[in-house]
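Welcome! Here is a short briefing to read alongside the sequence and the 3D view.

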Amino acid sequence: MHTIVTLHDVRHWTACRSVILHPGTVLTSSARQWLAEHQVAVQIAEADQHATGERVGQPMQKSELSSGEVTQDKVIDREPVSVPQGAARETDLLRDDLQADASGDAAAGMQRAIITVLGKDRVGIIARVTSLLAAAHVNILDINQTLFGDLFSMNMAVDISAADVPFAELKAAVEDAGVELQVKVLMQRRAVFDYMHRV
Amino acid sequence: MTISAQEILETIRMIEVENFDIRTVTLGMNLLGCARPRANEAAALIRDRILDHAARLVKVVDDIQAEYGVPIINRRIAVTPIALLANALAPGEECAELGRALDESARAAGINFIGGYSALVEKGYTLGDQRLIASIPEVLAQTETVCSSVNVASSRVGINMDAIRVMGGIVKETAELTQDKNGAGCAKLVVFANVPEDNPFMAGAMHGVGQPELVINIGVSGPGVVLDTVRKQRSRDLGVLAEAIKRTAFKITRVGQLVGQEASQRLGVQFGVVDLSLAPTPAVGDSVADILEAMGLEKCGAPGTTAALAMLIDAVKKGGAMASSYVGGLSGAFIPVSEDAGMVRAVEQGALTLEKLEAMTAVCSVGLDMVVIPGDTSADTISGIIADEIAIGVINHKTTGVRIVPAPGRHVGDVVDFGDLLGSGPVMPVNRFQCSDFVNRGGRIPAPLHSLRN
């Protein structure tokens, strides 16, 4: 997220002692001067800090302030940091969409995937797939099975947020099981269905 | 073919009585070759390159002026958007140094404005764009001749509201840094939608990326000549009037074409375009507002003004397009308040408001131009004004720009003077209701449909 900070922005930061800005942020000369005059320390975050740090763009916690006279609360009251919202906004928007589509079964923090099994019916398909999922700490949220004559079809909604193996490995494992069972197994992130079928 | 005495007298009358002139011969210049990681090295190359060409430009244009007896008011230079060069700068190097190099070389060569301290950010910032935009207030405060422009939107990609939010702050900061000159720094800063990359007129001139190494673009003028035409057609209907304006525009533009061809040949530089814009000056009789009033409006800004302006500019374009092989740039009517004596009068008498001006820009170029507003107008409100004007351009597939001066410490009714070139204008009232929450949403407004046009 690239941003430009003007004097107009920093004037809202009177209550801050220290501000961390998004990587690549550029300040105008007047903004820099104002911050120096008001003894507000400015740090431009490193790129990786941006990826994980919720605090980027937010005033630092009270404990991190060099002097305790200014609190974070004061700052938040004024909603001062209009600067680095872009990236966060966009993600929020996506998350909102997914939650809206989840018909109530999703809570924040879930990572849902859909497993589809197609093929000739035989004993032990569900057992094989579910035991594999259980071993990997994947929670099954919903399961739906139908038979069209001989053709076995199963859709399974799972939450992989607690899984102890990465998505790609899990996908490979269930697909390998499919080869063993002579059925077709697919594993896809849920979002692709949400995006395709929900406007 | 012989020229009649009447025709000779008509030309002389145009020049002597009706202020006809060629407003500018602008040399567009590629500076991409000057990109260097060290600002001082890039600056040195920029200075060499500009000085090399500028001296010849001034000499050739002076000669043409003398030989043809047509006043050519300005010799100007437009350069590659400097943000492109800023991308090459190493971290910690100052972009402003490139701006100062433009100023030094322009002044040394006797050029009064140099355009291209610019960035095109309709879809987002590169690192160079960011560094350039952040340095605009400083550069406009420290230099005299440098003009800056930022394209924040286009009909193809939509409106970058993050950039518009930032530009509100940049305009405000520029005004504050040039407080001693009533915020005149803002008179050299335009925020554009659909910026033309071959515009010869300041403050929005630049040498876009699709342009050749060097190019000559001509800006013609002549509101006074058109005014005289309108006055002669006093009781005729608007169809007849449009026809008369077309003929006049043809004659004016023809001279622009001639000057452009000559300059291009003598400099050995490709001829770009003639920009057909009617560009007023603070001089009496050189006013677009006067033309509108001569068409039958009591004051510019009265009901009917938008229609009159639409007809005027359409006729100018039709006549001009016939007269020149290449037409480009802005090619519309400029309605800069402070640079047009008739506009100033209309504002002072309460006939012309910011809102009416905005409506007028929907039918002509180039947007809200040289509008002075109270110094205490907030950055967010300025962003809101910019957003409105930009939206008109994006939806109507045309260029619009905003050149607005929040004159520090000045209030509605004060008259603010920016010097000879930029004129003086009354401070116009701004709608007092807030738009901060809208502006601070940021993001990008998606591009409009290119069909279903109503």
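Which residue takes a positive phi just after H4(B)? Gly110(B) does, with a phi of about 75 degrees. This is a predicted model, where local features need pLDDT of at least 70, side-chain atom pairs count only at pLDDT 80 or more, and totals for chains, interfaces and linings use all residues. Residues are numbered from 1 along each chain as its sequence is written, while chains are lettered from A and ligands numbered from 1 in the order in which they are written.

**Chain B as a whole**
- Chain B has 14 helices and 13 strands (DSSP runs numbered from the N terminus: H or I of at least four residues for helices, E of at least two for strands).
- Its radius of gyration, taken over C-alpha atoms, is 21 Å, close to the 22 Å from the globule rule for 454 residues, so chain B is as compact as a globular protein of that length. That rule is 2.2 Å times the number of residues to the power 0.38.
- Of those 454 residues, 59% count as buried, meaning 20 or more other C-beta atoms, placed from the backbone, lie within 10 Å of the residue's own.

**Helix H4 of chain B**
- H4(B) covers residues 96–108 and reaches 18 Å from its first C-alpha to its last, close to the 18 Å expected (1.5 Å times one less than its number of residues).
- Its buried residues include Leu98(B), Leu102(B) and Ala106(B).

**Where the chains meet**
- The contact (C-beta atoms, placed from the backbone, within 7 Å) takes 16 residues from chain A and 20 residues from chain B.

Methods
Contact = placed C-beta atoms within 7 Å. Buried ≥ 20, exposed ≤ 12 C-beta atoms within 10 Å, placed from the backbone.
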